[in-house]
Each structure stands twice: as C-alpha cells, then as structure tokens.
Amino acid sequence: MIPLDRKQQVGPIGGLIFGLVLAVIGYFVAFTFGKPILDNAKASQKWPTVPGEITRSAVSTKRSNGKTTYGFDVEYRYKVEGQELTCSNVFFGGNSSSSDSTAAYRVTRRYSKHTKVEVYYDPQQPANAVLEPGAHWQSYLLYGIGLAFLVVGVLSAGASLFYVLAAGAIIGGTAIGWLGGSSTRTAPSDGFDPDFPPNRIAPRAPPRADAKEDDGFTIH
C-alpha cells in the first residue's frame, strides 16, 4: 500500500492525470448512460399507448457488506402490431435498490400481478416502454453525477496543467539564465576589453602666469 504522505504528495502531474481520468469517467457516465435515460423519460410523454398486463411483481433484496437493499421487480407484457413484447421499466431511472424498502413495496402494491395497465412505447423501438412517462428526479441522477465528475475532472486537470506550465516556464528561464551566465567571454580582436575603462590621456597642465610666451623668434 502507498503511505498516506505519498498519496498526499501527488503533485501537479498526478493531479493532471487524475483530473483527466475523472473527466473521462464523468463524460462516459453522463452521455453513455445518463443522457439516454433522461432523453427517453422526456420523450415518453408523447409516445403512443397500448393495453398491457403485469406478469411479475415482487420486492427484490440484495445483501452486501452486511447491508440489505430493496428494489422492485416488475414486468409486464403488451402487443404492438401483433407482436407480443415484455418490459420492466416502471419509470426511467427508477429501477434501483435502496436500503429503505418503502418505495419498493409501494410500487409492487400499485402494480400487482395481473393488473391491467397502460403501456407507453417508443414507436421507433417498441421494445422500449414505460408505465409512468415523463422525467422523475431519478431520471436526472446518472446524468447529474456524470456531469459533476466531468466538471470536477476538467477543473482539476486545468489547475494542474497551469502549475505544470508555470513550473516549466520557471525551469526553462532559470536554465537559459544559467547557460548564458556560465559561457566564457572572448575579448574583441582589437584588444579592447569592455570590462576596463579606456586609456585616459592626462590633461596638459595650464601655463604658469610668470612664464614668457614663446613667440617663435630666437634673439641672439
């Protein structure tokens, strides 16, 4: 196992990878599972209907890690253009389990075996049907969870990418400065060294006041 301090010190590269993975998972959940459920729920309000009958109705139980969850197991049959079909959708997004059995028993009581029902079916895919059309809050669940993962992943990856680029710019600037400072300077070909001041000519002393001016003539 990875020590806790190692997990906490993931760094920007690890954050970038984690963010990208989270964004991919979120996109997959939202648009592969969540959006089709929501689209079907909204479209089902305009689907045609046929009479149907409940063929199975029971509360299902699952036990995992010492906990029991409850769900409803409802199936119905109906005919579309002479073809007999079966489906188990009560409402889109609702066939899930919960630790509370109240909802599961409520659904099975409402749709007990041999109950006559009205079935809403997709005219493009008659095998896709539902008993309660329209979007429920459960219809948004997977889509919302997927979008939340996608947004968090994009933000995490974006922040990590910013730190990676900033660190790269700092390291690159430091390397360029180090290489420039460590290069050997070569003196120019005329022997002039810019690091030293140029040769200065000493200024000529002014003539003395009592000195006779030389007019250029010699007197013998």
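Tutor: What follows is a conversation about how the terms apply to this structure. This is a predicted model, in which local features need pLDDT of at least 70 and side-chain atom pairs count only at pLDDT 80 or more, while totals for chains, interfaces and linings use all residues. Residues are numbered from 1 along each chain as its sequence is written, and side-chain values use heavy atoms, with hydrogens and water left out.

Student: What makes residues 11–43 the helix H2, and how far does H2 reach from its first C-alpha to its last?

Tutor: Helices are DSSP runs of H or I with at least four residues, strands are runs of E with at least two, and both are numbered from the N terminus. H2 has 33 residues, so this run meets the requirement of at least four residues. Its reach from first C-alpha to last is 46 Å, close to the expected 48 Å, where the expected span is 1.5 Å times one less than the number of residues.

Student: Where does H2 bend?

Tutor: H2 bends by about 40 degrees at Gly34, and the proline Pro36 follows within four residues. The bend at a residue is the angle between two axes, one fitted to the seven residues ending there and the other to the seven starting there.

Student: What makes the phi of Glu81 worth a remark, and is Glu81 buried or exposed?

Tutor: Most residues other than glycine have a negative phi. Glu81 has a positive phi near 55 degrees and is not a glycine. Glu81 is placed in the loop between S2 and S3, and its relative accessibility is 84%, so Glu81 counts as exposed. His114, in the loop between H3 and S4, also is not a glycine and has a positive phi of about 75 degrees. With 53% relative accessibility, His114 counts as exposed, because exposed means over 50%.

Student: Which strands form the open sheet, and in what order?

Tutor: The sheet has 5 strands in the order S3-S2-S1-S4-S5, and the pairing is antiparallel. Strand S3 (83–87) and strand S5 (129–130) are called edge strands, as each pairs on one side only. S2 is joined to S3 by 5 bridges, and Val80 stands opposite Gln83 in S3. S1 is joined to S4 by 5 bridges, with Pro51 opposite Glu118 in S4.

Student: What makes a space a pocket, and which residues lie nearest the centre of the largest pocket?

Tutor: On a 1 Å grid over the protein atoms alone, a pocket is an open set of points with protein on both sides within 12 Å along at least five of seven lines, and lining residues have an atom within 4 Å of a point. The largest pocket is lined by 17 residues, and Phe72, Gly94, Ser96, Ala103 and Gln138 lie nearest its centre. H3 gives the most to this lining, with 5 residues. The lining divides into 8 nonpolar, 6 polar and 3 charged residues, where Ala, Val, Leu, Ile, Met, Phe, Trp, Tyr, Cys and Pro count as nonpolar, Asp, Glu, Lys and Arg as charged, and the others, Gly among them, as polar.

Technical notes: On a 1 Å grid over the protein atoms alone, a cavity is a set of points where a 1.4 Å probe fits but cannot get out, and a pocket is an open set with protein on both sides within 12 Å along at least five of seven lines; lining residues have an atom within 4 Å of a point. Two strands pair if DSSP finds at least two bridges between them. Buried means under 20% relative accessible area, exposed over 50%, partly exposed in between (1.4 Å probe, protein chains only).
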